[in-house]
Amino acid sequence: MFPSRFAGIAAAGAALLFATGTSAQSLEEARAAFADGRFLEAANLGEALGTSDGYALAAQSLAVYAHYEASEEEWDEVIERAMQMGDEAVRADSTNAEAYYQSVHAVGRFAKRAGTITALRKGLGGRTRDLLEATLAIDPDHVGANMALGAWHADIDASGFIARKMYGGKKEEAVVHFERALELAPESKVVLYEYAIRLPDLDEENGTQRAREMLEKALAVPVLDAYEDYLHLDVLDAMDDLRNR
């Protein structure tokens with residue numbers, strides 16, 4: 001459930017979820033709405049552009065809104081629309097790396113809520129991997145895709161024997177991709193956070209200490225937009241979790 005102080009935003013946003021007649025002057029306008037935390041407006045503006053980049057931004061905006069602000073009642077509709085926008089982004093331009101990445105972002109948010117068993121049963125593990133590999137085939141230096149593939153390998157490995165047998169997730173591959181993402185964007189708040197929360201399982205000897213250092217570094221990185229406001233709270237929660245290990 002989203003924090004109570006954002007309840008009003010989510011309630012008002014429900015009316016915008018499937019707003020019609022929205023137009024965008026430019027992708028920059030939609031990005032500005034995202035940065036301000038007007039996620040549903042950003043999604044509508046991005047979709048209205050009818051371009052791969054516009055659909056990708058719509059998918060991103062809806063995935064973030066679903067994770068942090070959507071009520072239980074609207075969550076299914078929001079995440080379904082996010083995945084639809086991801087599909088549209090890829091369909092509009094199959095050479096756009098960001099289209100594949102935001103498509104997998106939406107699928108990943110759905111899989112996280114669905115849980116490991118449901119995600120495996122629906123084949124989401126394979127779909128996620130395929131989309132990430134497609135992203136990296138187009139842009140090997142895509143920071144988000146390297147980070148997300150690292151998370152994929154770490155999470156599949158942590159899910160147990162059956163998941164590892166089905167999909168082949170490996171700790172070693174997780175480390176390779178996380179380290180590459182960190183090399184490409186050493187000051188990225190999201191990379192530091194996503195790597196840190198998995199490090200204790202990836203490195204039983206030094207992972208906890210290194211995770212603590214990464215989270216401290218993430219806290220010191222300036223917040224750039226409304227999404228990173230939420231991410232900053234995630235980092236604080238992760239610090240609390242480490243203290244209780």
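Let's start with α12 (189-196) and α15 (226-243), two helices that run roughly parallel to each other (an angle under 35 degrees). Their axes cross at roughly 30 degrees and come within 10 Å. Axes here are lines fitted to C-alpha atoms over the stretch in contact, with angles from 0 to 180 degrees between N-to-C directions. Helices are DSSP runs of H or I, at least four residues long, numbered from the N terminus.

A word on the model: it is predicted, with local features needing pLDDT of at least 70 and side-chain atom pairs pLDDT 80 or more, while totals for chains, interfaces and linings use all residues. Residues are numbered from 1 along each chain as its sequence is written, and side-chain values use heavy atoms, without hydrogens or water.

Which residues make the contact between α12 and α15? From α12 come Lys189, Val190 and Tyr193, and from α15 come Tyr227, Glu228, Leu231, His232, Asp234, Val235 and Ala238, where contact means heavy atoms within 4.5 Å. By class, that gives 6 nonpolar, 1 polar and 3 charged residues; Ala, Val, Leu, Ile, Met, Phe, Trp, Tyr, Cys and Pro count as nonpolar, Asp, Glu, Lys and Arg as charged, and the others as polar.

Now move to α3 (residues 39-49), which packs with α4 at an angle of about 160 degrees, their axes 7 Å apart. This makes the two helices roughly antiparallel (over 145 degrees). On the α3 side, the contact uses Phe39, Leu40, Ala42, Ala43, Gly46, Glu47 and Leu49. Facing them on α4 are Gly54, Tyr55, Ala58, Ser61, Leu62, Val64 and Tyr65. The residues of this contact divide into 10 nonpolar, 3 polar and 1 charged.

Next come α8 (residues 124-138) and α9 (residues 143-158), whose axes cross at roughly 150 degrees and come within 9 Å. So α8, too, is roughly antiparallel to its partner, α9. Helix α8 brings Gly125, Thr128, Arg129, Leu132, Thr135 and Leu136 to the contact, and α9 answers with Ala145, Asn146, Ala148, Leu149 and Trp152. Sorted by class, these are 6 nonpolar, 4 polar and 1 charged residues.

A pocket is an open set of points on a 1 Å grid where a 1.4 Å probe fits, with protein on both sides within 12 Å along at least five of seven lines; lining residues have an atom within 4 Å of a point. Of its 47 lining residues, Arg109, Ala148, Ala151, Glu194 and Arg198 are the closest to the centre. Ala148 also takes part in the contact of α8 with α9.

Which elements give two or more residues to the lining? They are α4 (52-68), α6 (97-114), α7 (116-121), α8, α9, α12 and α15. The largest share, 9 residues, comes from α6. By class, the lining has 24 nonpolar, 12 polar and 11 charged residues.

Key. Angles under 35 degrees count as roughly parallel, over 145 as roughly antiparallel, 65 to 115 as roughly perpendicular and the rest as oblique.
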